[in-house]
Amino acid sequence: MSLPHAILTALLEKPSSGLELTRRFDRSIGYFWSATHQQIYRELGKLEQAGHIRALPAPVPSRGQKKEYEVLPAGRTELADWVRRSEDPKPIRDALLLRLRAAAVVGTEGFADELRRHLSLHRAQLEEYRGMEERQFPAERRTTEADRLRHLVLRGGIELERFWTAWLTEALAEFDGRDHRADC
């Protein structure tokens with residue numbers, strides 16, 4: 001149920017067309033809540049039908065013009081209610097962890113290469129997040145509550161990537177039979 005709330009959040013930050021929303025997801029929200037172009041458009045229709053958003057009237061009506069959406073009071077209320085709701089953490093569902101468990105019974109041939117590939121991807125993502133933090137959240141920019149909270153979301157991403165790089169380093173050390181603590 002979180003995609004509609006992600007869309008409401010993005011639209012409250014800035015009214016947007018479906019295309020703009022998709023692009024914004026790719027640059028920000030999509031790092032922690034991904035959605036396809038089709039999912040976003042389908043959800044926009046449902047939110048409009050529920051009375052949570054509306055398409056803004058076009059200044060000059062024309063055929064094929066993109067619709068820009070804004071959040072209505074009912075949508076803001078729904079989002080605020082959702083923020084206040086209690087929700088338990090979701091259990092981890094990660095294919096790499098499951099594959100490692102399976103490797104324990106079928107053998108590990110070639111799996112170290114997959115761990116190295118994942119380590120490389122997580123290191124790259126960590127560097128991307130750190131660059132975003134440097135560009136978007138210098139200390140002087142974290143003056144409003146909204147900016148501090150957005151920065152906190154990014155910090156969560158940074159810490160998750162730090163976890164994965166440390167854990168993958170440890171896992172690879174296990175494969176190599178050496179002490180991983182020297183690499184952390």
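Start by selecting residues 92–175: the end C-alpha atoms lie 23 Å apart, and the span is 82% helix and 0% strand. UniProt, in an unreviewed entry, puts "domain: Transcription regulator PadR C-terminal" on this stretch. (Helices, H or I of at least four residues, and strands, E of at least two, are DSSP runs numbered from the N terminus.) Before moving on: this is a predicted model, where local features need pLDDT of at least 70 and side-chain atom pairs pLDDT 80 or more, while totals for chains, interfaces and linings use all residues. Numbering runs from 1 along each chain as its sequence is written, and side-chain values use heavy atoms, leaving out hydrogens and water.

Next, pick helix H5, residues 95–106. Asp94 caps the N-terminal end, with a side-chain oxygen 2.9 Å from the backbone nitrogen of Leu96.

Now jump to H1 (residues 2–13) and H2 (residues 18–27), whose axes (lines fitted to C-alpha atoms over the stretch in contact) come within 11 Å and cross at roughly 105 degrees. That makes H1 roughly perpendicular to H2 (65 to 115 degrees counts as such). Show side chains: Leu3, Ala6 and Ile7 are among the H1 residues that meet Leu21, Arg24 and Phe25 in H2 (contact means heavy atoms within 4.5 Å).

Last stop: Ser16, in strand S1. Ser16 is buried, at 0% relative accessible area (buried means under 20%, with a 1.4 Å probe and protein chains only).

Methods
Buried means under 20% relative accessible area, exposed over 50%, partly exposed in between (1.4 Å probe, protein chains only). The expected span of a helix is 1.5 Å times one less than its number of residues. A polar contact is a pair of N or O atoms within 3.5 Å; within protein, one must be able to donate a hydrogen and the other to accept it, and residues adjacent in sequence count only if both atoms are side-chain atoms. UniProt positions are given in the numbering used here, feature names are shortened, and annotations may be inferred rather than shown by experiment. Axes are lines fitted to C-alpha atoms, for helices over the stretch in contact, and angles run from 0 to 180 degrees between N-to-C directions. Angles under 35 degrees count as roughly parallel, over 145 as roughly antiparallel, 65 to 115 as roughly perpendicular and the rest as oblique.
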